[in-house]
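Biologist: I have a new model open and would like to learn how to read it. Could you walk me through it, feature by feature?

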Amino acid sequence: MRAKKAGYDCVQLHSGHTYLLSQTISDFYNQRTDEYRAADFKLLRDVLEAVRTVDIPVGVKLQCDDFIEGHSMNVTSACKIISALKFDFVEVTGGGQGGGAKYPTIRAGKDQYYYRHVIQALKAQNLLDKQPVIVTGGFENVEDAQMAFDDGVPLVGYSRKFLRNDQFLIDGDAKKCVRCNQCIISLGQGTTAVCSLNNIE
Ligand SMILES: Cc1cc2nc3c(=O)[nH]c(=O)nc-3n(C[C@H](O)[C@H](O)[C@H](O)COP(=O)(O)O)c2cc1C
C-alpha cells in the first residue's frame, strides 16, 4: 500500500539469494515437515496473496537454484512454483551458499549467463509465456544478453557491469568487469559499492 501511495509501478517480492522467503522454499534451510515444508512453498503463496490485496503488479525475484548438491531448490522446484503461482513478472536468480563453489571469483570471459539452464527449463514447459521473465546474472556485455534474447527472454538485468561503467551500453566493452566481487565486499565494509578496477584503470 505504501509503495502504491509513493507512486511505484510495481513491487517485487525478494525470494532469492537465501533471504528469508527463499530459505522457506529450500529444503536445505527449511526442514519443516508440516504444511510449511519447502516443497509446498506455502509461505511464499501466503505472502503473495497478502500483497495481492493491494492493486499493484507483483513480481518476484525467485531463487531458481541454490547450487547445493542433493537439495531441492533447483530448476524443477522453480518451475513448479512459477507454474503454480501467478506473478506479474519473474526475475530468475539463484546462488547463496552453494553459488560460491559453483562460480568462484574472477571468471571474466567464462560462465556468462548463469541461469541459462533455468530459462531452458522454463521454455521447455511453456512457462516463458506465462509472464514476463527477467534474467540477471553473469552478463558481461551486450553480446552476452543476446543469448538470453535468443532464448526468448524479453528482459535482462546487469548489476556489477554498471558499477564498472554505467555508460557501457553506449561506450561498448572497453572497461571489463571481471566479476571479482570486490564491489560486494566494499558494500559489506560500510561504503557505497565501488568497482576497485576503476581506481587503477
Ligand atoms: C554491490 C551489489 C549489491 C547488490 N545488492 C543486491 C540487493 O540488494 N538485492 C538483490 O536482489 N540483489 C543484489 N545484488 C545482486 C545483483 O542484483 C545481481 O543479481 C548479481 O550481481 C548478478 O548480476 P551481475 O552478474 O549482473 O552482477 C547486488 C549486487 C552487487 C554487485
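Biologist: By class, which residues make up the shell around the ligand?

Modeller: The shell has 5 nonpolar, 6 polar and 2 charged residues. Please keep in mind that this is a predicted model.

Biologist: How many residues surround the ligand, and which are the closest?

Modeller: There are 13 residues around the ligand, and the closest are His14, Lys61, Gly138, Ser159 and Arg160.

Biologist: What share of the ligand does the protein bury?

Modeller: The ligand taken alone exposes 610 Å², and the protein buries 73% of that.

Biologist: Which part of the chain gives the largest share of the shell?

Modeller: That is helix 10, with 3 residues. You can also read the shell by domain. The domain assignment divides the chain into domain 1 (2–158) and domain 2 (159–201), and each of these domains supplies at least three residues of the shell around the ligand. The centres of the two domains, taken over C-alpha atoms, are 24 Å apart.

Biologist: Let's turn to charges. How many salt bridges does the structure hold?

Modeller: It holds 9 salt bridges. To call one, look for a side-chain nitrogen of Lys or Arg within 4 Å of a carboxyl oxygen of Asp or Glu. Asp34 and Arg32 form such a pair, with their closest N and O atoms 2.7 Å apart.

Biologist: How accessible are Asp34 and Arg32?

Modeller: Relative accessible area is the number to read. Asp34 is partly exposed at 33%, and Arg32 is also partly exposed, at 47%.

Biologist: Which parts of the chain does the salt bridge between Asp151 and Arg116 link?

Modeller: The side chains of Asp151 and Arg116 meet at 3.0 Å, N to O. This pair links distant parts of the chain, 35 residues apart: Asp151 is in the loop between helix 7 (142–150) and strand 5 (155–157), while Arg116 is in helix 6 (residues 116–124). Asp151 counts as buried because its relative accessibility is 10%, under the 20% cut-off. Arg116, at 29%, is partly exposed.

Biologist: And are Arg179 and Glu140 buried or exposed?

Modeller: Both are buried. They form a salt bridge whose closest N and O atoms are 2.7 Å apart. This pair too links distant parts of the chain, 39 residues apart, with Arg179 in the loop between helix 9 (168–171) and helix 10 (182–188), and Glu140 in the loop between strand 4 (133–136) and helix 7. Salt bridges can also share partners, and here they join Lys161, Asp173 and Lys176 into one network.

Methods
Residues are numbered from 1 along each chain as its sequence is written. This is a predicted model: local features need pLDDT of at least 70, side-chain atom pairs count only at pLDDT 80 or more; totals for chains, interfaces and linings use all residues. Side-chain values use heavy atoms; hydrogens and water are left out. Buried means under 20% relative accessible area, exposed over 50%, partly exposed in between (1.4 Å probe, protein chains only). Helices (H or I, at least four residues) and strands (E, at least two) are DSSP runs, numbered from the N terminus. Domain bounds come from an automatic or database domain assignment. A residue is near a molecule or strand if one of its heavy atoms lies within 4 Å of it. Accessible areas come from the Shrake-Rupley method with a 1.4 Å probe; for residues, only the protein chains shown count as cover. Ala, Val, Leu, Ile, Met, Phe, Trp, Tyr, Cys and Pro count as nonpolar, Asp, Glu, Lys and Arg as charged, and the others, Gly among them, as polar.
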